[in-house]
Amino acid sequence: MGKLVICDHPLIQHKLTFIRDVRTNTKDFRELVDEVATLMAYEITRDVELESIDVQTPVAATQGKVISGRMLGLVPILRAGLGMLDGVVKLLPAAKVGHVGLFRDPETMLPVEYYTKLPTDVTERQLIVIDPMLATGGSAIAAIDVLKKRGCNQIKMMNLVAAPEGVKAVQEAHPDVDIYVAALDDRLDDHGYIVPGLGDAGDRLYGTK
Ligand code: PRP
Ligand code: URA
């Protein structure tokens with residue numbers, strides 16, 4: 001079973017409160033989501049492997065450790081996942097980025113895939129799938145399915161807010177995938193929205209609706 005990691009750093013929790021607040025406008029919402037994504041990138045890369053390299057300080061020759069950002073890949077789920085992408089790229093500028101386009105049909109609540117573009121060496125990379133919301137889990141499961149069909153097998157999920165139902169569904173469908181969230185909320189409502197959640201992440205990021 002993949003692990004569920006709740007990123008409970010006070011800075012993340014503080015910013016998430018304002019992300020949730022219905023009074024937060026589009027500009028502030030976008031900035032806060034970007035900042036939380038950077039902080040979550042710090043947590044999700046905690047176990048990335050380091051290698052030693054030689055380094056000359058002003059005083060002496062020594063060895064330092066570096067991560068190989070070339071081995072990482074970021075996969076935002078369009079469109080709301082894009083709202084977190086830049087925040088992660090700030091910490092991992094050498095990571096390549098793939099895109100998976102999915103939207104959830106409002107009637108059936110099932111994901112509809114409309115776009116996929118991945119780096120050519122995607123199978124060699126440790127991937128972080130990025131989406132602010134993990135609700136029923138349908139979109140996350142479908143995105144991970146797309147990646148696995150292309151031969152990817154090192155995948156983590158990063159979400160701002162998750163519902164227990166979505167976490168369970170992803171853990172059952174993809175038990176090898178660890179999930180990092182800023183908050184695990186109470187439940188889904190009858191329309192598949194996370195309660196208390198933050199509303200429709202895409203609409204709040206882009207000012208639609
Ligand atoms: C939202 C969200 C997730 C999905 C979560 O996207 O960004 O991708 O819903 O719901 P699920 O876990 O029940 O699948 P949406 O379908 O609204 O598309 P958008 O990002 O284009 O707004
Ligand atoms: N998608 C969203 O944007 N918000 C939810 O609460 C559920 C799905």
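Helices α2 and α3 are oblique to each other, a word for angles that are not under 35 degrees (roughly parallel), over 145 (roughly antiparallel) or 65 to 115 (roughly perpendicular). The model is predicted, so local features need pLDDT of at least 70 and side-chain atom pairs count only at pLDDT 80 or more, while totals for chains, interfaces and linings use all residues. Residues are numbered from 1 along each chain as its sequence is written, and side-chain values use heavy atoms, leaving out hydrogens and water.

**Helix packing**

- Helix α2 covers residues 26–44 and helix α3 covers residues 82–89; they pack at an angle of about 50°, with axes 7 Å apart.
- Helices here are DSSP runs (H or I, at least four residues), as are strands (E, at least two), numbered from the N terminus.
- The axes are lines fitted to C-alpha atoms, for helices over the stretch in contact, and angles run from 0 to 180 degrees between N-to-C directions.
- The crossing of α2 and α3 is right-handed, meaning that the near helix is turned clockwise from the far one by less than a right angle.
- On α2 the contact (heavy atoms within 4.5 Å) is made by V33, D34, A37, T38, M40 and A41, and on α3 by G83, M84, D86, G87 and V88.
- This contact has six nonpolar, three polar and two charged residues; Ala, Val, Leu, Ile, Met, Phe, Trp, Tyr, Cys and Pro count as nonpolar, Asp, Glu, Lys and Arg as charged, and the others, Gly among them, as polar.

**Salt bridges**

- The model has 13 salt bridges, each a side-chain nitrogen of Lys or Arg within 4 Å of a carboxyl oxygen of Asp or Glu.
- R20 and D185 form one of them, at 2.7 Å from N to O.
- R20 lies in helix α1 (residues 10–20) and D185 in the loop between β11 (178–184) and β12 (187–188), so the pair ties together parts 165 residues apart in sequence.
- D21 and R23 form another, with their closest N and O atoms 2.8 Å apart.
- R79 and D203 are also bridged, with their closest N and O atoms 3.1 Å apart.
- R79 is in the loop between β4 (72–78) and α3, and D203 is in helix α6 (residues 201–206), so this pair ties together parts 124 residues apart in sequence.
- A network of salt bridges links R79, D203 and K209.

**Exposure of the paired residues**

- R20 is partly exposed at 24% relative accessible area, where buried means under 20%, exposed over 50% and partly exposed in between (1.4 Å probe, protein chains only).
- D185, at 6%, is buried.
- D21 is buried at 19%, whereas R23 is exposed at 71%.
- R79 is partly exposed at 34%, and D203 is buried at 12%.

Definitions and conventions: Chains are lettered from A and ligands numbered from 1 in the order in which they are written.
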